[in-house]
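Please open the model in a viewer and keep the selection panel at hand.

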Amino acid sequence: MRAAYEQKESTLTGDLKIYLRNTGGKTLKATIHDNSYKTGTVTRTISPGHETSIVRHLKQSHGWYDFTVKSADSEPEARFTGRVETGKTSFTDPFMGGVF
């Protein structure tokens, strides 16, 4: 699993692109769950040897993210938190400010 800032041509969108790769020998079911910003839960089924990507749209949370990635077949889960840096003026974490 890896995450990268989403780009359209050479411009950062402010969203996060998450890549999930199945290096195992059987089909994998992976879930990405938003822990703080109410962007929902996404589940993907990934065939052996394949990769998929998911874009987390972060406009509502001003670029902040807090999500957990978990496979139905394994422990532990991985948690990622932070803010996408675009070079534009930033906004205080809305979760910390009680907006969410």
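What volume does the largest pocket have? In this predicted model, the largest pocket has a volume of about 310 Å³.

**The largest pocket.** Select Thr-13, Gly-14, His-62, Gly-63 and Thr-86, which lie nearest the centre of this pocket among its 15 lining residues. Next, select residues 11-21: this is strand 2, which gives the most to the lining, with 4 residues. Colouring the lining by class shows 4 nonpolar, 7 polar and 4 charged residues.

**The second largest pocket.** About 190 Å³ of space lies here. Select Met-1, Leu-20, Val-69, Lys-70 and Ser-71, the residues nearest the centre of the second largest pocket, which has 13 lining residues. Strand 2, strand 3 and strand 6 each supply at least two residues of this lining, and the largest share, 3 residues, comes from strand 6. By class, the lining of the second largest pocket comprises 8 nonpolar, 2 polar and 3 charged residues.

**Strands 3 and 6.** Finally, select residues 28-34 and 64-71: strand 3 and strand 6 pair in the antiparallel sense over 5 bridges. Which residue of strand 6 stands opposite Asp-34? Selecting Phe-67 gives the position in strand 6 that faces Asp-34.

How values were computed
Residues numbered from 1 in each chain as written. Predicted model: local features only at pLDDT ≥ 70, side-chain atom pairs only at ≥ 80, totals over all residues. Heavy atoms only, no water. Pairing = 2+ DSSP bridges. 1 Å grid on protein atoms, 1.4 Å probe; cavity = no way out; pocket = protein on both sides within 12 Å on 5 of 7 lines; lining within 4 Å. Points joined across faces, edges and corners; volume = space filled by probe spheres on them. Nonpolar A, V, L, I, M, F, W, Y, C, P; charged D, E, K, R; others polar.
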